[in-house]
Structure formats: structure tokens, C-alpha cells
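Notebook open, viewer open. I'm jotting down what I looked up, one entry at a time.

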Amino acid sequence: MEKQQALEYIKKLASEKLISREELERAYEEGLGVSSEVAKKFKVANLLFYIGGGIIILAISILIAQNFDSFNDVTKIMSTFGIGIMVYFLALFFSRDSKLNVLSAALYFISAAVIPIGLGVIFYIAGFDFESSSTHVIISALLFIFYLSSFLVLKKDIFIFFSTIFGTWLFFSLTNMIGEDLFATSEFFIKYRILFVFLTYLLLGYNFAKQNKTGLREFFYIVGIFGFLGSAMVLGGWQPSQNIFWESIFPFLVFGTLILSIYLKSRAFLVAGSLFLVGYIGKITAEYFSESLGWPLALLIAGVLLIGLSYGFFYLKKTINK
Amino acid sequence: MELKKNFSLVIALIIPILMILFLVAIVYIPRIYNHPQYNFLFVSGGNYNEEYIIQNGKLVARFNPSVPIDKLSYPEENINNQFLARLFVYDIKQNKAAEVTLEQAKAFNFYSDFESPDGYKIINGSSYNFIFGGASSDPFALYISGNGLSKKLNIPIQTSNRYDVNLRFVGWINPIDSSN
């Protein structure tokens, strides 16, 4: 049976309510050689790994915070930076066995949270000023180089994620350092750099989508589209100091997002576009029409628009799921 | 072919680099052609009720009676009607501040505008506390701003508590007939 025929048959069964989503998923997992029971256990195990990782980070943080003053410098460094590096190499060791990939990823997350704390401790002991952007530039640059090198050597996707996080930190701290004098008198660059950072995330997400890296695509699409539309909305400002250009262009950005949700088959775009359209209708109503029309009529119009929007949302969702 | 395949990745990497270059340009290029000409007077510290204003081109120092005495940083000294703030003249060409007495400052002539005749303003820094990157401007400093220029001024005032520094611009000095 051809793939298209099989999909058409599944559609027919679904329309006649002869097959449920769960049955379909179970059949898919069995086809992969994974029983649904095993798959569920895997999911629970993965979750426990990450929860365990979070608890370890919390425990280390509390331990260090409670005893920081009583530690000597070497102990301070070993209990933070030392542990972070040790966990990194432990993750590296486990990553050699594909069955332990999830454990390895959880350990990489722990190390990525602890190593920056450790570097911070080293720089604190060395007498660096943490209010200075240059200290942030040095720490973030070291972390960025470390994780980018890890990716280039080990070719693991998780390092792309860490490289981007620390690269973003480096970008913000470097622009803070260069633009310190300018930012004291102008918010222009500060507002636009956030918009462009999230645009960069969207482009990265698109690149990962083309490479079928689903996890990375989802992360960059979700963070990117919510951040991008959020920044664009902030650029619009609020009456009386609103920016007419950004307020006027915003609905086009939102409808562009909704159209892209079909093209990219992305629910993140659909949800973000819908939520920001709701937010925009509410904002414009409150800003311009609550005084002239009065709140009840303004709310009535907003309500009608939202009902129309919800219909559009389900229509697009159906199109994406096709 | 490879470039076409990874076009979005290339653009994603170019955007931050272009933004950094753009920032360097808008910060440093105005410094090449901007040469402010006028010195100015500023004060540091003192009590909250001390006011230094320009009236008819001259400095007037006075106490604001609407500030209650128990709200002052140094109520004991203020009972004796003492002006506690330190006054400084900023030499814009040499880029440094020199302390002057109240009497010396009263001898200067001032412009009454907040903006200098060549289009500059003196403003206080403000802190932006981002998750990433630390504070981006110094709230304990003065900046000169105008004609595309924005530059931190060189004011190294030492105190045990830096919140006591409390820098305030007073007025632009009119070089004509000013004995500076």
C-alpha cells in the first residue's frame, strides 16, 4: 500500500470515528518496535532525569550559598567550577552509549548551569566587578567558545542550544559595553536589538527545520516568535507616546505570522499569532476607542472580532494538521 | 550551493555582527566631528533642600523650605544654614572637573537654557538591569548628549557611599565676562 493511500484510509477511518488518536499513536510506536508501555516508561524516565537534574542544581546552589563565606578560595572554585567540569565529562562519558543519551543530556544541562556559576566565582575571587559589562563579556565569551568548540568536536545538537544561549549573553554584554555612553541618553538601539535577536532565533529555527532537527526547531520557533512579536508590540508604545509606524505595521506582522504558520507547519506561529492578535485588538481598543465609543461598545466590537479570530484559528489549525 | 542551502543560517549569523558594527559606528563616528565648546557648573552631594539655580545669568544658592529638616541627609549641619554640596566646573576641552567655592561660582555668568548654545545637554545616566550583560549605563555619572554625540564625562568623585555623589547639572558658563 502506498503512503498516500494509507493516509487517505486513516482519514476515512477518522472521519467515520472508527479510529482514535491514541490507537494511531500506539500503532506508530509499535511500528518503530517500541511498545506503548515502554514508550510511556521512557517518557517518565526522561522527565525524572530532568527533574533530578534540577534538584541537583538547586542543592548545589543552596549548599554554596549557605557555606560560601566559610569556604576558602580553592573550595569555592572546586565546589562550583570543579563540579560543573566534572559533570560535563561525566555527560561526555555517558553519551558514548546511545541508550544513555537522555541521562547524558540531563548532565549536560546541569554542567551548563553550574559552569557559569563557577566562572562567576573565579572572577569574583579575582576581583572583577560584576556591574561592569566587560566582566560579562569575558565570561560569556569563554562559555560561548567552550560550547561552540564542544559542538564542532562532538557534533551534538545540545551544544547548539548552549552556544546560542551564551552567544546571546555575549551579544547583549558586548553591545552594552560598546554602547554604554549611548544607552545613557537613548533607548533606540536597546529596543531594536531585542527585536533583531529574536529575528535571529527565527532564522535559526528555520534552518533547523530544514535539517529536521525537531527539538531545536521547536525551541527557536517558540522563543523567537513570542519574543519577536512581543518586541514589536513594545516598540508600538502606548498613547500618548506611541510609535505610529510600529502600531500600524503590527497587524501585518501578526497576519504574516499566521500565514507563515501554514507554510512552516508550526503551531508555535499559529498560537503566538492568535494570542498577539487578541492582545493587539485589546490594546488598540483600550488606547483609541474606550474614550470615544465608551467601554461597553468598544468591548462589544472587540468581542465580535475575537469570535471571528477564533474561527480563523481553528481553520488554520485544521490546515496545519492536514 | 552550500551558501544557498544555509542561507537562513548565514543571515542569522550576519545580523548580530552587522548590529555590532552599526553600534560602533553610531557611538564613535559622532566623536570625530563633535567638539563641544562650553564649560558648565555642576554640584555633587549636599542636602536635599539645597538648590542651585540660574537667575538672570547668575548662580543663586538657596534652601527649599518645603523639604522637612528630618528628611535631610545631614540635618545637624543644615540647622546652621550651611551649603554642603561641592561645586565643580567641568572643563569640556580638557575633559576634567575642578572644584570651586560657592563665591567663585557666583562670579561666573551663565546661560539660562538647559541646552548649550552649540546644542548639547548634560544628563544623568540611568541603569538598565538586564538578565544578560549587567548595567548598561552608569546612574552615578553625567553624560554629554547632543548632535548625535553621547559621551560619559570624566568625573572621579570619591565618597564612602556612592549614592552621596548625587551629581546635578546647574548651568552652562557664558565665557564672556566670566572670570574662569
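This is a predicted model: local features need pLDDT of at least 70, side-chain atom pairs count only at pLDDT 80 or more; totals for chains, interfaces and linings use all residues.

**Entry 1, a residue to start from.** I began at Leu202(A), which touches Phe220(A), Gly224(A), Ile225(A) and Phe228(A), leaving out residues up to four places away in sequence. Contact here means C-beta atoms, placed from the backbone, within 7 Å. Residues are numbered from 1 along each chain as its sequence is written, and chains are lettered from A and ligands numbered from 1 in the order in which they are written.

Which residues touch the most other members of the largest nonpolar core? Leu202(A) and Ile225(A) do, in a core of 57 residues. I take a core as a set of buried Ala, Val, Leu, Ile, Met, Phe, Trp, Tyr and Cys residues joined through C-beta atoms within 7 Å. Buried means 20 or more other C-beta atoms within 10 Å of a residue's own, exposed means 12 or fewer, and partly exposed is in between. Helix 7 (158-178) of chain A gives the most to this core, with 11 residues. Another core of 31 residues lies apart from it, and I found Tyr52(B), Ala141(B), Tyr143(B) and Leu149(B) among its members.

Seven residues of domain 2 of chain A meet seven of domain 3 of chain A. Helix 5 (101-125) of chain A has 25 residues and reaches 36 Å from first to last C-alpha, close to the 36 Å expected; the expected span is 1.5 Å times one less than the number of residues. Helices are DSSP runs (H or I, at least four residues), strands likewise (E, at least two), numbered from the N terminus. After helix 5 of chain A comes Gly127(A), with a positive phi near 90°.

**Entry 4, chain B.** I count four helices and 10 strands in chain B. Of its 180 residues, 24% are buried. Five strands of chain B make an open antiparallel sheet in the order 5-4-1-10-6, where pairing needs at least two DSSP bridges between two strands. Strand 5 (96-100) and strand 6 (109-110) of chain B are at the edges with a single partner strand each, so one side of each has no neighbour in the sheet. Strand 6 of chain B pairs with strand 10 (167-174) of chain B over two bridges, and Asn109(B) has Asn174(B) as its bridge partner.

The contact takes 29 residues from chain B and 32 from chain A. What gives the most to chain B's side? Helix 2 of chain B does, with 12 residues. Chain B's side has 17 nonpolar, 10 polar and two charged residues.

Lys265(A) has phi near 50° and sits in the loop between helix 11 and helix 12 of chain A. Lys265(A) is partly exposed because it has 14 C-beta neighbours inside 10 Å. Asn147(B) also has a positive phi, about 55°, in the loop between strand 8 and strand 9 of chain B. With 13 other C-beta atoms within 10 Å, Asn147(B) is partly exposed.

Notes:
Two residues are in contact if their C-beta atoms, placed from the backbone, lie within 7 Å. Ala, Val, Leu, Ile, Met, Phe, Trp, Tyr, Cys and Pro count as nonpolar, Asp, Glu, Lys and Arg as charged, and the others, Gly among them, as polar.
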